[in-house]
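Here are some notes for a first look at this structure. Please read them with the model open beside you.

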Amino acid sequence: MNALSEVKPNELMCISPEAFKDGMANLAGAVNIVTTVGKSGKVGFTATAVCSVSDNPATMLVCLNRNASVYQTFKDCNTLAINTLGVGQDNLSNLFGGKASMGDRFANGEWETLTTGSPILSNAAVSFDCIVIAKHSVATHDVMYCEVVAISQNASAGSLIYHQRSYQQISAKAD
């Protein structure tokens, strides 16, 4: 048993939400548009809280605030797509991260489907088509664990990342 396991969680000093947000601003993250189809049609939101969990089976996770306007649709869904944005797609990130209607969001970009029927952005750097295999509530968010069933890649797209509260563009390597 180590010293940390002997400390009860409520005895640990927690940092403020503001301090945490300031620290997270220094953690660069890929910018993603997460999409699904619900009873009212296509929905999507911008997320940087996306990461790999395992490669066998191929599994990722997505975190979604339970106060988000799209929360109920994603709570009820069993499929989703993670569309990782490339260079010059910050306008789509802003659109899906703002107050625009779903119709306006999906009117921008070219969308298709792969296996599950969730919307895939045709020119994303990479899109992961997924089946949601588990959901877990933590603090203010739900963590959705997603098994990847299909992938679409665009190696020339580069990468759009979010760092220090602004977008950064990383060009693809020249061949």
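1. Helices (H or I, at least four residues) and strands (E, at least two) are DSSP runs, numbered from the N terminus.

2. A word on the source. This is a predicted model: local features need pLDDT of at least 70, side-chain atom pairs count only at pLDDT 80 or more, and totals for chains, interfaces and linings use all residues. Residues are numbered from 1 along each chain as its sequence is written, and side-chain values use heavy atoms, with hydrogens and water left out.

3. Is Thr-59 buried or exposed? Thr-59 counts as buried, because its relative accessibility is 9%. (Buried means under 20% relative accessible area, exposed over 50%, partly exposed in between, with a 1.4 Å probe and protein chains only.) Leaving aside neighbours within four places in sequence, Thr-59 is in contact (heavy atoms within 4.5 Å) with Ser-52, Val-53, Ser-54, Ile-133, Cys-146 and Glu-147.

4. Next, the salt bridges. The structure holds 2. (A salt bridge is a side-chain nitrogen of Lys or Arg within 4 Å of a carboxyl oxygen of Asp or Glu.) One joins the side chains of Arg-165 and Asp-22, at 2.8 Å from N to O. Arg-165 lies in the loop between β11 (159-163) and β12 (166-170) and Asp-22 in helix α1, so the pair ties together parts that are 143 residues apart in sequence. Asp-22 is partly exposed, at 43% relative accessibility.

5. Arg-66 forms a salt bridge with Asp-142; their closest N and O atoms are 3.1 Å apart. Arg-66 is in the loop between β5 and α2 (71-76) and Asp-142 in strand β10 (residues 141-153), so this pair ties together parts that are 76 residues apart in sequence. Arg-66 is partly exposed at 30%, whereas Asp-142 is buried at 8%.

6. Look also at Phe-20, in helix α1 (residues 17-24). Phe-20 is partly exposed, with 47% relative accessibility.

7. Finally, Ser-40 is in the loop between β2 (32-38) and β3 (41-47). Ser-40 is exposed, at 67%. Ser-40 and Lys-173 are 133 residues apart in sequence and 40 Å apart in space, C-alpha to C-alpha.
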